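User: I would like to know what stands behind the terms used for this fold. Please take them one at a time.

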Amino acid sequence: MSETLDLKVEGMSCGGCSSRLEKALLEIPGVTDVKASHETGDVRVTTYGAAVPRAALETVIEETGFDIARG
């Protein structure tokens with residue numbers, strides 16, 4: 001069973017930023033697909049099997065140098 005989570009991320013300014021974030025999120029066990037758009041700040045994460053906590057995703061996003069859009 002897969003689950004999809006949409007996040008808003010700030011700080012991505014180019015395609016390289018999007019690619020770097022996608023690669024980092026794909027290293028999380030259970031994450032099967034990531035689509036990040038530096039143009040809109042949208043990040044869609046698809047997981048399979050055991051649920052991946054949102055906090056784990058947010059930690060990787062922040063460790064990669066980006067911010068979670070709040071509000």
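Predicted model: local features only at pLDDT ≥ 70, side-chain atom pairs only at ≥ 80, totals over all residues.

User: What makes β1 and β3 a pair of strands?

Analyst: Two strands count as paired if there are at least two bridges between them. Strand β1 (residues 2-10) and strand β3 (residues 42-48) are joined by seven bridges, so the pair meets the definition. The two strands run antiparallel. Leu-7 stands opposite Val-43 in β3, and Asp-6 has Arg-44 in β3 as its bridge partner.

User: How do you know that β2 pairs with β3 too?

Analyst: Strand β2 (residues 31-36) and β3 share five bridges in the antiparallel sense, against a requirement of at least two. Here Ala-36 stands opposite Val-43 in β3. In the hairpin of β2 and β3, five residues lie between the strands, and Gly-41 takes a positive phi near 80 degrees.

User: Why are β2 and β4 said to stand at the edges?

Analyst: The open sheet has four strands in the order β2-β3-β1-β4, with antiparallel pairing. β2 and β4 (67-68) each have a single partner strand, so one side of each is left without a neighbour in the sheet.

User: What makes α1 a helix that packs on the sheet?

Analyst: A contact requires heavy atoms within 4.5 Å. Helix α1 (residues 15-26) touches β1, β2 and β3, and its direction makes about 165 degrees with that of β2. On a scale from 0 to 180 degrees between N-to-C directions, Helix α2 (residues 54-63) runs at about 35 degrees to β1 and lies across β1, β2, β3 and β4.

User: Which pattern does the protein chain follow along the sequence?

Analyst: The pattern is β-α-β-β-α-β. The protein chain holds two helices and four strands.

User: How do you know that the radius of gyration agrees with a compact globule?

Analyst: The rule is 2.2 Å times the number of residues to the power 0.38. For 71 residues this puts a compact globule near 11 Å; the protein chain has 11 Å, so the value agrees. Its C-alpha trace spans about 30 × 25 × 20 Å along the principal axes.

User: What share of the residues is buried, and what does that word require?

Analyst: Buried requires under 20% relative accessible area. Of the 71 residues in the protein chain, 37% are buried. The protein chain exposes about 4,300 Å², and carbon and sulfur atoms supply 50% of that area.

Key: Residues numbered from 1 in each chain as written. Heavy atoms only, no water. Buried < 20%, exposed > 50% of the residue type's maximum accessible area, 1.4 Å probe, protein only. Areas by Shrake-Rupley, 256 points an atom, 1.4 Å probe, with all protein chains shown as cover.
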